[in-house]
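Me: I've just opened this one and I'd like to get my bearings. Can we go through it together, one question at a time?

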Amino acid sequence: MPSLLNALRGKHLKARLTNPYDEFWDRRLGIETFGYVPKVGADHDPYVQVHYQPTPYGDVWRILRHLRLQPEDVYVDLGSGLGRTVFAAHRLGAGRAIGVDINGALVQQCRQRVTTPAIEFIESPAQHYPHVHTTVLFMFHPFGPGTLSDVLARLDDSLDHRPRRVRVAYMNPVHNDCLRQSRYLHQVEAWPPAYNRWTRSGHYAVTFWESRSELPSHA
Ligand SMILES: C[S@@+](CC[C@H](N)C(=O)[O-])C[C@H]1O[C@@H](n2cnc3c(N)ncnc32)[C@H](O)[C@@H]1O
């Protein structure tokens with residue numbers, strides 16, 4: 001016990017002890033994703049960068065299993081933080097799993113844990129990511145509506161050039177309205193915040209979106 005306490009000391013000890021399910025899965029995946037990084041910008045700033053806080057594993061598995069990831073899927077977490085959902089998506093069968101985050105220090109930490117070319121972490125503002133191959137996009141309320149609109153414009157551009165099925169899971173969907181502006185996406189499901197017995201952190205709603213295979217004729 002003292003050695004475990006020593007191993008945890010100074011590394012988000014309280015959060016790890018009070019969220020044993022998250023601690024278990026971090027260890028199982030060989031990653032360290034506990035942490036908190038404050039937001040950059042004011043709440044009303046359309047380009048605010050939301051603080052880093054990981055998605056509880058209970059939600060990660062529930063959402064990713066629902067998405068039924070396949071070897072041909074390219075999974076992208078925009079605002080990937082310490083990469084929890086990226087490593088999890090690879091474990092659940094995504095052929096490629098990519099994390100994109102504006103915070104270089106977080107990206108560096110993730111890269112130290114990568115053991116396969118199927119997992120990649122990119123330091124970039126999400127709005128610059130081109131989505132050439134993305135088939136599944138995950139976001140845990142990472143940024144303000146200005147950034148999100150720019151992201152969706154890039155996704156629409158990529159679908160103009162390479163029509164394909166893209167699925168989106170948006171957790172804590174504060175700016176759902178932006179997704180409604182997409183020329184391709186339509187909402188297919190909405191989950192209310194679910195009680196999660198495995199975590200003491202917040203419970204969030206999730207909306208699911210899918211690209212239409214063709215643009216509506218009036219678009
Ligand atoms: C709520 S955390 C989500 C972490 C991770 N997706 C997860 O679910 O465990 C939001 C993350 O978005 C990142 N972020 C904020 N604005 C960004 C931007 N414009 N481009 C890329 N990443 C951004 C932050 O650095 C932070 O790591």
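Me: Let's start with N172: is it buried, partly exposed or exposed?
Reply: Keep in mind that this is a predicted model. N172 sits in the loop between β5 and α8. Its relative accessible area is 21%, and buried would mean under 20% while exposed would mean over 50%. So N172 comes out as partly exposed.

Me: What is the phi of N172, about?
Reply: N172 is not a glycine, yet its phi is positive. The value is about 55°.

Me: And where is H12, which has a positive phi too although it is not a glycine?
Reply: The phi of H12 is about 60°. With a relative accessible area of 41%, H12 is partly exposed. Its place is in the loop between α1 (2-8) and α2 (13-18).

Me: Stepping back, how many helices and strands does the protein chain have?
Reply: The chain runs to 219 residues, and buried residues make up 47% of them. Among contacts between residues at least 6 apart in sequence, 64% join residues at least 24 apart. As for the elements, the count is 8 helices and 7 strands.

Me: At what angle do α4 and α5 pack?
Reply: Helix α4 covers residues 57-67 and helix α5 covers residues 84-91. Their axes are 10 Å apart, and the angle is about 45°. That makes α4 oblique to α5, and α4 passes α5 in a right-handed crossing. So the angle to remember is about 45°, which is why the pair counts as oblique.

Me: Which residues of α5 does α4 meet?
Reply: From the α4 side, the residues involved are Y57, V60, W61 and L64. By class, this contact of α4 with α5 has 6 nonpolar, 1 polar and 2 charged residues. On the α5 side, the partners are R84, T85, A88, A89 and R91.

Me: Is α3 roughly parallel or roughly perpendicular to α4?
Reply: The axes of α3 (residues 20-29) and α4 come within 9 Å and cross at roughly 65°. Angles from 65 to 115 degrees count as roughly perpendicular. So α3 is roughly perpendicular to α4.

Me: Which residues of α4 does α3 meet?
Reply: α3 brings Y21, D22, W25, D26 and L29 to this contact. The contact of α3 with α4 has 5 nonpolar, 1 polar and 2 charged residues.

Me: How many charged residues are in the contact of α3 with α5?
Reply: α3 and α5 pack at an angle of about 65°, with their axes 11 Å apart, and their crossing is left-handed. D22, W25, D26, R28 and L29 of α3 make the contact with R84, F87, A88 and R91 of α5. By class there are 4 nonpolar residues and no polar ones, and the number of charged residues is 5.

Me: What about T55: buried or exposed?
Reply: T55 lies in the loop between α3 and α4. Leaving out residues up to four places away in sequence, T55 touches V60, R84, T85, F138, F140 and M171. Its relative accessible area is 4%, so T55 is buried.

Me: What separates the C-alpha atoms of T55 and D22?
Reply: Along the chain, T55 and D22 are 33 residues apart.

Me: Last one: which elements do the buried residues of α7 pack against?
Reply: α7 (residues 145-161) has 17 residues and reaches 24 Å from its first C-alpha to its last, close to the 24 Å expected at 1.5 Å a residue. Its buried residues are G146, T147, L148, V151, L152, L155, D156, S158 and L159. They pack against β1 (74-78), β4 (136-140), β5 (167-171), α8 (176-180), β6 (185-191) and β7 (206-211).

Methods: Residues numbered from 1 in each chain as written. Predicted model: local features only at pLDDT ≥ 70, side-chain atom pairs only at ≥ 80, totals over all residues. Heavy atoms only, no water. Axes fitted to C-alpha atoms, helices over the stretch in contact; angles between N-to-C directions. Helix = DSSP H or I, 4+ residues; strand = E, 2+ residues; numbered from the N terminus. Parallel < 35°, antiparallel > 145°, perpendicular 65-115°, else oblique. Left-handed = near helix turned anticlockwise from the far one by under 90°. Contact = heavy atoms within 4.5 Å. Nonpolar A, V, L, I, M, F, W, Y, C, P; charged D, E, K, R; others polar. Expected span 1.5 Å × (residues − 1). Buried < 20%, exposed > 50% of the residue type's maximum accessible area, 1.4 Å probe, protein only.
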